[in-house]
Amino acid sequence: GSGTRLVMERYIQKNKLPVQKKMELTSNEAVKQAVIAGLGYSIMPVIGIRNELKNGELQIIPVQGFPIESKWQLIWLRNKKFSPAAEAYLQFLKKEKQNITRELF
C-alpha cells in the first residue's frame, strides 16, 4: 500500500537492478528505526526523514538516478461536502502548493 514502495518497485524493475531483499517492514517509521539501529539501508521519502537528517541520525547516500520524483494527489468522494476546516485546508493547499513543494520536498 505504500506509494514509495510502488515507485521504487517500478524503478527497480524498469532499470533491471539486482536487489536482495533481506527484510520487509510495514511502515516508513519501522524502516526508519531499523536503519537508525544499524540494520541496513533503505530508500525513503525525504519528507519522512527530515528531522533525522538535521540531527545527524541518518544521511543520504548519493546514488546515480536519484532522487526519484513522484506525484502526490489529493482525492475525495465526488459529491463530498467538506467541513469548513477541510474546505479551508484544501484552499490553503491550492494557494500554497508551490511554496509547500519547494520547502518540504
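The model is a predicted one, in which local features need pLDDT of at least 70 and side-chain atom pairs count only at pLDDT 80 or more, whereas totals for chains, interfaces and linings use all residues. Residues are numbered from 1 along each chain as its sequence is written, and side-chain values use heavy atoms, with hydrogens and water left out.

**Around Lys 32.** Lys 32 belongs to helix H2, residues 28–36; helices are DSSP runs of H or I with at least four residues, numbered from the N terminus. With a relative accessible area of 8%, Lys 32 is buried (buried is under 20%, exposed over 50% and partly exposed in between, using a 1.4 Å probe and protein chains only). Now display the residues around it: leaving aside neighbours within four places in sequence, Lys 32 is in contact with Met 44, Gly 48, Ile 49, Glu 52 and Leu 58, contact being heavy atoms within 4.5 Å. Glu 29 and Lys 32 are 3 residues apart in helix H2, about one helical turn, and Glu 29 is partly exposed at 41%.

Move to helix H1, residues 3–14, whose 12 residues reach 16 Å from first to last C-alpha, close to the 16 Å expected at 1.5 Å a residue; the expected span is 1.5 Å times one less than the number of residues. Lys 16, which follows H1, has a positive phi near 50°. Within the helix, select Arg 5 and Glu 9, which form a salt bridge of 2.8 Å, N to O, and lie 4 residues apart, about one turn.

**The aromatic rings.** The structure holds 2 aromatic pairs, a pair being rings of Phe, Tyr or Trp (its six-membered ring) with centres within 6.5 Å, and planes under 30 degrees apart count as stacked, over 60 as edge-to-face and the rest as tilted. Select Tyr 11 and Phe 66, an edge-to-face pair at 5.3 Å centre to centre with 80° between the planes. This pair links distant parts of the chain, with Tyr 11 in helix H1 and Phe 66 in the loop between helix H3 (50–54) and H4, 55 residues apart. Tyr 11 is buried at 19% relative accessible area, whereas Phe 66 is partly exposed at 30%. Then select Trp 76 and Phe 82, whose ring centres are 5.4 Å apart with planes at 75°, so this pair is edge-to-face.

**The end of H4.** Finish at Leu 104 in helix H4, residues 84–104, where the relative accessible area of 34% makes the residue partly exposed. The C-alpha atom of Leu 104 is separated by 8.4 Å from that of Val 46, 58 residues away along the chain.

Notes. Helix = DSSP H or I, 4+ residues; strand = E, 2+ residues; numbered from the N terminus. Salt bridge = Lys/Arg side-chain N within 4 Å of Asp/Glu carboxyl O.
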